[in-house]
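Subject: A structure for you, with some notes

Hi there,

Here is the structure I promised to pass on. Have a look at it first, and then read my notes below.

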Amino acid sequence: MIPLTWYLVLSAVLFCIGLYGVLARRNAIAILMGAELMLNSANINLAAFERYVAAGSVAGQVFVIFNIAVAAAEAAVGLALILAIYRSRDTVSVEEVDLLKG
Amino acid sequence: MSLTQAVFILLGGMAVLGALGMVTLRNLFHSALAMILALFSIAGIYVLLEAEFLAVVQVLVYVGAIAMLILFGIMLTRDIVGRASAVRNRQWPLALAVSAGLLAVLAVALVRAAWPLATYAPAQGGVADLGLALMGPYALPFEVASVLLLVAMVGALIIAREARE
Amino acid sequence: MSIDWIELIIVVVKALIVAFGLLIGFAYLTWFERRLVGRFQMRIGPNRVGPAGLLQPVADALKMFFKEDFVPGQADKPLFIMAPGIAMSAVLISFAVVPVGPSIRLFGREITLYLADVNVGMLVVIAVLSLGVYGIILGGWASNNKYSLLGGLRGAAQVISYELPYGLSLVGVFMLAGSLSLKDIVEAQARVPFIVLQPLAAIVFFFAAVAEANRSPFDLVEAENELVAGYHTEYSSIKFALYFMAEYISMIVASALMVTLFLGGWQGPFLPGIVWFFIKLVFMLFVFVWIRATWPRIRYDRLMAWSWKLLVPLSVANILVTAGALVLRDMGVF
């Protein structure tokens with residue numbers, strides 16, 4: 001039997017690594033990957049809480065499925081934006097996409 | 001330590017290793033592969049949580065589709081040789097501090113908290129219950145999610161399409 | 001935790017039998033295909049090594065092993081080595097949930113003729129097969145060769161596009177069987193095989209399966225007149241053999257799934273289940289070879305349009321009609 005805390009700590013570690021990836025990477029695709037990892041860590045939490053705290057309901061799994069759908073939409077639109085930026089600016093580094101800067 | 005705990009540590013270790021590789025590896029393609037390792041291990045974690053359906057969906061959607069989309073994105077926006085540019089931006093020490101700080105706070109809070117644990121019950125009927133829940137109490141969010149996916153698909157097509165004169 | 005050692009041994013033995021069965025199946029499938037294609041093209045086919053050319057696969061295997069195992073200098077070496085392994089293991093694993101017969105009694109023990117009965121069985125197969133695309137795309141990328149990369153990208157796009165009709169066409173079957181487990185699906189076909197009730201789904205699934213296996217006429221991935229040899233241009237010797245095996249075993253898996261999902265699996269009169277399964281399997285493999293010998297390769301844009309504009313709408317329509325029919329049946333209309 002695995003204690004609930006193990007799942008929560010694992011998910012916290014993954015969330016923080018994802019956060020670091022979002023904040024510190026330069027490449028837009030790498031940032032997107034960090035965001036995906038953060039969503040995944042939230043999913044672990046949802047599934048674990050359902051199993052340990054709300055046993056007998058499927059609400060946690062339902063929310064994980066919605067979350068995955070949102071993540072898929074995010075990845076599709078995000079990559080489309082990145083491709084569009086790459087086409088017009090020839091770079092995917094977020095520091096060089098600064099047209100709005102005065 | 002029981003067998004399941006050992007399996008958890010193995011899977012969790014792989015997930016963390018993959019995540020670390022994802023944020024540190026220089027070659028973006030390798031970094032995406034490290035992410036795939038992490039996503040795959042998370043599918044294993046779902047199996048340990050007796051949520052087989054989620055595990056399959058994780059492999060099918062994340063590993064099979066989203067990760068593949070990201071690999072496509074990487075291939076389309078780089079030279080084949082994959083010239084490595086600077087990995088981190090200027091604010092990376094700050095980012096590291098923020099992430100590490102958040103992790104410390106979360107870890108303390110999570111370990112100290114007294115969770116209202118339910119009595120251990122065997123997992124529910126699985127896919128059938130999930131399907132009934134999606135079509136019953138969660139029917140509206142389910143439909144909204146499908147509209148969201150449609151909108152995202154059309155939007156992505158329009159954004160990514162080459163502009164025609 | 002106590003482990004039932006005999007159960008464990010049985011599972012290991014069954015896994016070994018499945019793995020070796022698939023490998024031998026692969027070897028003789030190449031012989032079967034070459035002989036048949038020979039006939040289709042008014043030639044004889046390999047008939048020199050052994051009686052009726054039966055030892056030809058052995059000779060081919062020996063030739064394959066003694067070739068130089070070459071890794072291009074600029075290749076991404078670990079990935080280059082891993083990629084064929086991924087392609088191969090994905091197809092091998094997917095066979096684990098396919099039931100090849102009813103359970104038999106041996107030494108007073110009930111032995112089931114499948115490796116695992118997972119309650120999300122068919123989804124596991126789809127998920128594992130979707131991993132096979134990594135073998136293609138990693139192989140294409142790691143070779144550091146533009147033909148390989150183009151072949152890999154094409155292959156990945158093709159396999160992802162055909163995964164949709166592949167999965168969607170099966171929804172009707174799942175609704176009729178009321179289960180995702182392949183064992184339950186076979187048992188639900190005790191009276192009528194699903195190909196009678198779901199003919200459209202069977203056709204869509206078959207096309208999608210041919211495309212997933214990268215078989216002719218959907219073998220754009222290795223279109224030699226445009227892409228040299230596609231993603232495996234740089235591969236030779238044993239690594240090439242692994243890709244080759246993956247393609248043929250995925251053909252066997254696709255046939256086994258066709259048999260299980262639409263042709264009633266191991267069920268049939270008079271003969272024991274496993275024999276029926278084998279007969280149906282060989283028939284499906286014959287259809288695969290037949291198609292290869294008959295149809296030319298289709299153009300790439302046609303391939304994509306075929307999936308997105310024809311197969312996906314058809315399978316969605318099939319789901320609607322099946323759901324409607326099931327509702328009417330529950331209301332007692334027929």
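Let me start with chain C, which has twelve helices and two strands (helices being DSSP runs of H or I with at least four residues, strands runs of E with at least two, both numbered from the N terminus). Following the sequence, the order in chain C is α-α-α-β-β-α-α-α-α-α-α-α-α-α.

Before going further, a word on conventions: this is a predicted model, in which local features need pLDDT of at least 70 and side-chain atom pairs count only at pLDDT 80 or more, while totals for chains, interfaces and linings use all residues. Residues are numbered from 1 along each chain as its sequence is written, and chains are lettered from A and ligands numbered from 1 in the order in which they are written.

**Overall form of chain C**

The C-alpha trace of chain C spans about 65 × 55 × 50 Å along its principal axes. Among contacts in chain C with a separation of 6 or more, 76% join residues 24 or more positions apart; a contact needs C-beta atoms, placed from the backbone, within 7 Å.

**Where chain C meets chain B**

Here 20 residues of chain C are in contact with 17 residues of chain B. On the chain C side, helix 4 (121–142) and helix 5 (146–177) are the elements that give two or more residues, and helix 4 gives the most, with nine residues.

**The largest nonpolar core**

This core has 176 residues, and B:Ala67 and B:Ile70 touch the most other members. By nonpolar core I mean buried Ala, Val, Leu, Ile, Met, Phe, Trp, Tyr and Cys residues joined through C-beta atoms within 7 Å. Helix 3 (residues 52–76) of chain B gives the most to this core, with 18 residues. Domain 1 (1–84) and domain 2 (127–165) of chain B both contribute residues, so the core lies between them; the bounds come from an automatic or database domain assignment. The C-alpha centres of these two domains of chain B lie 24 Å apart.

Happy browsing!

Technical notes:
Contact = placed C-beta atoms within 7 Å. Buried ≥ 20, exposed ≤ 12 C-beta atoms within 10 Å, placed from the backbone.
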